[in-house]
Amino acid sequence: MGLPPLIELRAFEAAARHMSFKEAAAELGVTPTAISHQIRLLEGHCRQPLFRRRPRPLQLSPAGLQIYPVVNECLARMAAAVAGATVGTRGGRLRITGTNAFVARWLVPRLPLWRTLHPHLHLDVIGTDEVLNLKTGEADIAIRYARSPPPDVQSVELSCDRFLVVGSPALVGHVTDSLSPADLATFPLISYAWPSSDTNAPTWRRWEIAAREKYALVPPLGNLVSLSFREEPHAIAALLAGQGIALCSDIIVAAELAAGSLRCLSDVILPGYCFHVSYRPDHPMQTAIREFLLWSQAQFQT
């Protein structure tokens, strides 16, 4: 079965969104009778009703409920793609995905600046530690956090981070010198989850190995963790509340380090990963993607 005409899908999407043939007609600049006619044609294509017209108010049928989210999403994506491909346009909508920590602590605080510079290029932000599929359109741009560029997509490296032992002055006082591993062991230790397949993750156990190259006495800090979280932002919230010390990315907690609400406590530093802006090289919104890429690069340079 082929696709129905676009005019029928537009009429259905507008009517389903407003739950009103009259309001859909006003939006599309036609009469309610024309909307009703197009939906009847679509129902004939589907061979079943898409609305329950009686009793009022208007409701979607089971078939209507099934196809509405798909039609709504496809029309929105088509509109965004056309906006991005139109010569000279600076409008449209981009879906950006990144890790929960990166979105919450790096991207969100900078969104007011983005909106000032690009008021007509809107962002849908998806914070998730899952890897969304760019090729199937789950997102337009991904901020990938990895040691090497992701394969099969276009990627530009923004910056690489380091993992520091940090703590709040409310817990550790106004420390000015690096503390020894034995000193660090006197504080509660906070950790958060890394993939089990990542044998080089910047964990307390990994930090112990690096610390033994500088210090003769290194307690088994990996066994002394008293507070563990699945999500990195929760661990950072506990850290800021003075509930312990933690290994944190210098990029993710850069604002707190600059403000003095977190302090670096050790000269033992672990290498982290790199942030990459990744996207499909054949994406129709190349102009908009380029705008976001240039803006992100500028943010890392300031």
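Arg47 sits in a loop, between helix 3 (32–46) and strand 1 (51–52). The model is a predicted one. Its chain contains 11 helices and 11 strands. With a radius of gyration of 26 Å, against the 19 Å that the globule rule gives for 302 residues, the chain is more spread out than a compact globule. The points below start with the whole chain and then visit single residues.

**The whole chain**

- The C-alpha trace spans about 85 × 45 × 35 Å along the principal axes of the chain.
- Of the 302 residues, 43% count as buried.
- The chain has an accessible surface of about 15,900 Å². Carbon and sulfur atoms account for 55% of that surface.
- Take the contacts between residues at least 6 apart in sequence: 73% of them join residues at least 24 apart.
- The chain carries 28 positive and 26 negative charges. The mean positions of these two sets are 9 Å apart.

- Arg47 is not a glycine, although its phi is positive, at about 65°.
- Is Arg47 buried or exposed? Arg47 is exposed, because its relative accessible area is 73% and the cut-off for exposed is over 50%.
- Asp152 also has a positive phi, of about 70°, and is not a glycine.
- Asp152 belongs to the loop between strand 5 and strand 6 (154–167).
- Asp152 has 62% relative accessibility, so this residue counts as exposed.

**Two leucines in loops**

- Leu132 is found in the loop between strand 4 (121–127) and strand 5 (141–146).
- A relative accessible area of 16% makes Leu132 buried, because buried means under 20%.
- Which residues does Leu132 touch, not counting those up to four places away in sequence? They are Thr97, Ile126, Glu138, Ala139 and Arg144.
- Arg144, one of these partners, is 12 residues from Leu132 in sequence. In space the two are 9.9 Å apart, C-alpha to C-alpha.
- Leu224 lies in another part of the chain, in the loop between helix 8 (204–211) and strand 8 (225–229).
- Leu224 counts as partly exposed, at 38% relative accessibility.
- The contacts of Leu224 are Ala185, Leu189 and Pro219, leaving aside neighbours within four places in sequence.
- Leu224 and Val166 are 58 residues apart along the chain, and 16 Å separates their C-alpha atoms.

**Ser249 in strand 9**

- Ser249 is part of strand 9, which covers residues 245–249.
- Ser249 has 1% relative accessibility, so this residue counts as buried.
- What does the side chain of Ser249 reach at 3.1 Å? The side chain reaches the backbone nitrogen of Ile251.
- Beyond its neighbours within four places in sequence, Ser249 is in contact with Asp161, Arg162 and Phe163.

**Gly272 and Ser278 in strand 11**

- Gly272 lies in strand 11, residues 270–279. Ser278 has its place in strand 11 too.
- Gly272 is buried, with 11% relative accessible area. Ser278 also counts as buried, at 0% relative accessibility.
- Gly272 is in contact with Arg147, Asp161, Arg162 and Phe163, leaving aside its neighbours within four places in sequence. Asp161, Arg162 and Phe163 are also contacts of Ser249.
- How far apart are the C-alpha atoms of Gly272 and Ala63? They are separated by 49 Å, and the two residues are 209 apart along the chain.

How values were computed. Residues numbered from 1 in each chain as written. Predicted model: local features only at pLDDT ≥ 70, side-chain atom pairs only at ≥ 80, totals over all residues. Heavy atoms only, no water. Helix = DSSP H or I, 4+ residues; strand = E, 2+ residues; numbered from the N terminus. Buried < 20%, exposed > 50% of the residue type's maximum accessible area, 1.4 Å probe, protein only. Polar contact = N/O pair within 3.5 Å; in protein donor to acceptor, adjacent residues only side chain to side chain. Contact = heavy atoms within 4.5 Å. Rg over C-alpha atoms; globule rule 2.2 N^0.38 Å. Areas by Shrake-Rupley, 256 points an atom, 1.4 Å probe, with all protein chains shown as cover. Lys, Arg positive; Asp, Glu negative; His and termini not counted. Charge placed at Lys NZ, Arg CZ, Asp CG, Glu CD.
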